[in-house]
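Here are my notes on this one, point by point. Have the model open while you read.

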Amino acid sequence: MKEEDRARVLYGRRMGRPLRPARRRLMDELLPRIQVEPAGGILDPAGLFDSPVEDVWLEVGFGGGEHLAEQARRNEGVGLIGCEPFLNGVGRLLSEIDEHGIDNIRILPDDARDLLDVLPDASIGRAFVLFADPWPKKRHRQRRFIGPDNLPRLARVLKDGAELRLASDRMPLIRWMLFHTLGHPEFEWTARGPEDWRRRPDDWPPTRYEAKALARGEQPAYLTFRRRPRR
Ligand SMILES: C[S@@+](CC[C@H](N)C(=O)[O-])C[C@H]1O[C@@H](n2cnc3c(N)ncnc32)[C@H](O)[C@@H]1O
């Protein structure tokens with residue numbers, strides 16, 4: 001396998017249980033109306049939305065979409081793009097969008113790297129990668145989303161001063177993300193003390209995986225980085 005092909009392998013599940021009929025219908029009817037198509041050159045993220053947006057935020061691996069939907073509700077002037085290859089999660093978010101009439105979310109039901117590669121430089125005002133797959137085995141570490149391959153992609157598309165929000169309850173992944181993000185010249189960690197990473201900020205809605213971690217008695221880390229201004 002060539003190096004570039006290896007980098008494009010998507011790890012993880014695309015489907016769990018068969019979708020319920022109502023969600024299958026949403027996949028057929030609603031998803032095509034709000035789906036992002038990354039093929040065909042550079043994509044203007046603000047142009048994906050029906051009304052003008054003041055900013056565009058991106059969530060990688062939104063799972064069931066709880067955080068994305070809540071951010072969309074709280075920030076009606078912002079356009080949100082979510083990437084998630086696990087189609088049951090996409091179906092869950094579509095139900096939420098349909099039920100609550102949310103109109104400021106667009107979805108790539110696929111690998112976030114496909115989107116990162118077609119976004120213009122400095123076009124995203126905030127990015128979230130929350131409770132990413134931890135890939136605990138040593139031989140699988142290169143599969144972790146935050147690392148030497150994707151941090152340069154994120155740095156390129158984030159605006160000067162934009163936040164990159166990361167979370168996990170798995171200590172090896174927390175250390176790994178800190179090591180790589182602190183070592184990246186374009187990012188600085190905003191934490192000044194333990195409370196800044198031990199407590200989830202009020203403008204950061206919870207996720208399903210966070211709830212599972214808390215139920216197990218784990219202390220998640222909430223890591224906010226800022227993209228340094230370009231010189
Ligand atoms: C452990 S789950 C966490 C889901 C959600 N963020 C939460 O906190 O509940 C990680 C998610 O990342 C997704 N994922 C993995 N690789 C991805 C990629 N390259 N692009 C987009 N999503 C990805 C997986 O499908 C999975 O749903």
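1. Overall size. Radius of gyration here is taken over C-alpha atoms, and the globule rule is 2.2 Å times the number of residues to the power 0.38. For 231 residues, that rule puts a compact globule near 17 Å, and the protein chain agrees, with 17 Å. Along the principal axes, the C-alpha atoms fill a box of roughly 45 × 45 × 45 Å.

2. Ground rules. This is a predicted model, so to speak of local features takes pLDDT of at least 70 and side-chain atom pairs count only at pLDDT 80 or more, while totals for chains, interfaces and linings use all residues. Residues are numbered from 1 along each chain as its sequence is written.

3. Make-up. The protein chain has 10 helices and seven strands (DSSP runs numbered from the N terminus: H or I of at least four residues for helices, E of at least two for strands). Among contacts between residues at least 6 apart in sequence, 79% join residues at least 24 apart; a contact means C-beta atoms, placed from the backbone, within 7 Å.

4. Burial. Of the 231 residues, 35% are buried. A residue is buried with 20 or more other C-beta atoms within 10 Å of its own, exposed with 12 or fewer, and partly exposed in between, the C-beta atoms being placed from the backbone.

5. The E2/E3 pair. Strands E2 (residues 78–83) and E3 run parallel over four bridges (pairing takes at least two DSSP bridges), and Leu80 has Ile105 as its bridge partner in E3. The link from E2 to E3 goes through helix H5 (residues 87–100), a right-handed β-α-β crossover; that is, with the strands pointing away from the viewer, the path from the first strand over the helix to the second runs clockwise. In E3 (residues 105–108), Ile105 and Ile107 point one way, Arg106 and Leu108 the other, and all are buried.

6. Two backbone spots to look at. Ala122, in the loop between H6 and strand E4 (124–130), has a positive phi near 50° without being glycine. Ala122 counts as partly exposed because it has 15 C-beta neighbours inside 10 Å. Trp135, in the loop between E4 and helix H7 (150–157), also has a positive phi, near 40°. With 20 C-beta neighbours inside 10 Å, Trp135 counts as buried.

Note on methods: Two residues are in contact if their C-beta atoms, placed from the backbone, lie within 7 Å.
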